[in-house]
Amino acid sequence: MNDEVKKGLLGIVVDETEVSKVMPEINSLTYRGYAAQDLCAACRFEEVAYLILNKDLPNSIQLKKFEKEERENRELTKNLYEIINHMPKKSHPMDVARTAVSVMGLEDKETSNSSHEANMRKALRIFAKTPTAIAAFYRIRKGKKIIKPKKTLSFSENFFYMCFGKVPEKEIVKAFDVSLILYAEHSFNVSTFTARTITSSLSDIHGAITGAIASLKGPLHGGANEEVMHMMKKIKKPENALKWINEALDKKHVVMGFGHRVYKSGDSRVPTMREYFKKVAKIKKDKIFEKIYDIVEKVMIKRKNIYPNVDYPTGPTYHLMGFDTDFFTPIFVISRITGWSAHIMEQHAANKLIRPLAKYKGSTHRKVLQLNQR
Ligand code: CMC
């Protein structure tokens, strides 16, 4: 038996997928064959969510039906609102999101039914309800009244409305929608692999998404968008940026928002998100973070040849939109639920228990001594 260790499963192909691929020939992330940036230009987030879940872009009738179902399922149970209300105010919102999805699993009438049809219905419910749970906590911890979801608003508009009580300018909503499209799916990243691993024991979709949220929280994955903002706040002024980044690299620190396991010469999602970051900065009349962004990026490429990933522009964009920093990764969650769900259903459709091997490096065989002899 070959017992060569491939730490981090580096370079290992563990299964097949139809959901997404980074296509080298067009140097782009694609969902079901469509380039993510083309989807940003032509579609709203709901269309892309439909595409990821249903394998094709919707026509107007299909979209209308999908949006109606999403809007009708946004409301939480009284029980879940109460649970969120009782969570410690200091909780990280990712832990709140994780717990909320877990509770949704306790409450869902189809939890034990993992047929494709039931999973589609449950995915839709998780997709519709999770933003409400996150926004409810956003309000509660600020001591503000919860704002219930509004059916007349789009997915993105409604999220702003539930958090802030109003819908911002069209351009801001579009920038948010674009960020959700870019975050929706990325093949076998760690959270998706977690969801597929949980699913591979034939466990249920709520459990798999709960585990995926825990996985996304880490700073090497989704948590990076929050870390980017912490870094930018530490740098504070463009005049400090050059010194800060050079010192960080001299000390061999990992700089958040840079590098990627798959892209080695640039994340194809970055140019689109960078463009929308610029638009938001212009509307908000705040160029400070853009200047810091450019200086840090330049040094990272020059000194390390390491390029930004999508978390680098989303961090400051969400900040300028008015979100608290620890809500950035939960925003990633509300989008990635679509990708996770598609992978969970794909795993169910052609399942094989995920059970890798490990090279043992512990003690050789030992005899157990009775307690009084040890
Ligand atoms: N800052 C400084 N050095 C870096 C960075 C970085 N952000 N990323 C990679 N390197 C260096 C790393 O130290 C290593 O150097 P050496 O060979 O001298 O030890 C080399 O580049 C290869 O990196 P690696 O960590 O072995 O590569 P990986 O494929 O295992 O890791 C990564 C990919 C994303 C975990 C890593 O680039 C990283 O830690 N980045 C910062 C966290 C981050 O931004 N995560 C978001 C990922 S993308 C979107 C998402 O999933 O949310």
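Predicted model: local features only at pLDDT ≥ 70, side-chain atom pairs only at ≥ 80, totals over all residues.
The overall layout comes first. The protein is divided into two parts, with domain 1 covering 16-220 + 328-349 and domain 2 covering 224-321. Between the C-alpha centres of domain 1 and domain 2 the separation is 25 Å. Across the boundary, 29 residues of domain 1 make contact with 24 residues of domain 2.

From the backbone, an N or O atom of Gly-257 lies 2.8 Å from a ligand oxygen. From the side chains, a polar atom of Arg-261 is placed 2.7 Å from an oxygen atom of the ligand, and a polar atom of Asn-309 is found at 2.9 Å from an oxygen atom of the ligand. Taken alone, the ligand would expose 920 Å², of which the protein buries 64%.

Helix H13 spans residues 270-284, 15 residues in total. From its first C-alpha to its last, H13 reaches 20 Å, close to the 21 Å expected at 1.5 Å a residue. After H13 comes Lys-285, with a positive phi near 50 degrees.

In H9, Ser-191, Thr-192, Ala-195, Arg-196, Thr-199 and Ser-200 are buried. The partners of these buried residues are helix H10 (205-217) and helix H16 (328-349). H9 is followed by Leu-202, where phi is again positive, near 70 degrees.

Positive phi values also turn up in loops. Asn-27, a residue other than glycine, has a phi near 50 degrees, and its place is the loop between strand E1 (20-23) and strand E2 (28-31). Lys-55 is not a glycine either, yet its phi is positive at about 75 degrees. This lysine sits in the loop that joins helix H2 (45-54) to helix H3 (60-72). Lys-55 counts as exposed because its relative accessibility is 52%, and the cut-off for exposed is over 50%.

Methods
Residues numbered from 1 in each chain as written. Heavy atoms only, no water. Helix = DSSP H or I, 4+ residues; strand = E, 2+ residues; numbered from the N terminus. Expected span 1.5 Å × (residues − 1). Polar contact = N/O pair within 3.5 Å; in protein donor to acceptor, adjacent residues only side chain to side chain. Areas by Shrake-Rupley, 256 points an atom, 1.4 Å probe, with all protein chains shown as cover. Buried < 20%, exposed > 50% of the residue type's maximum accessible area, 1.4 Å probe, protein only. Contact = heavy atoms within 4.5 Å. Domains from an automatic or database assignment.
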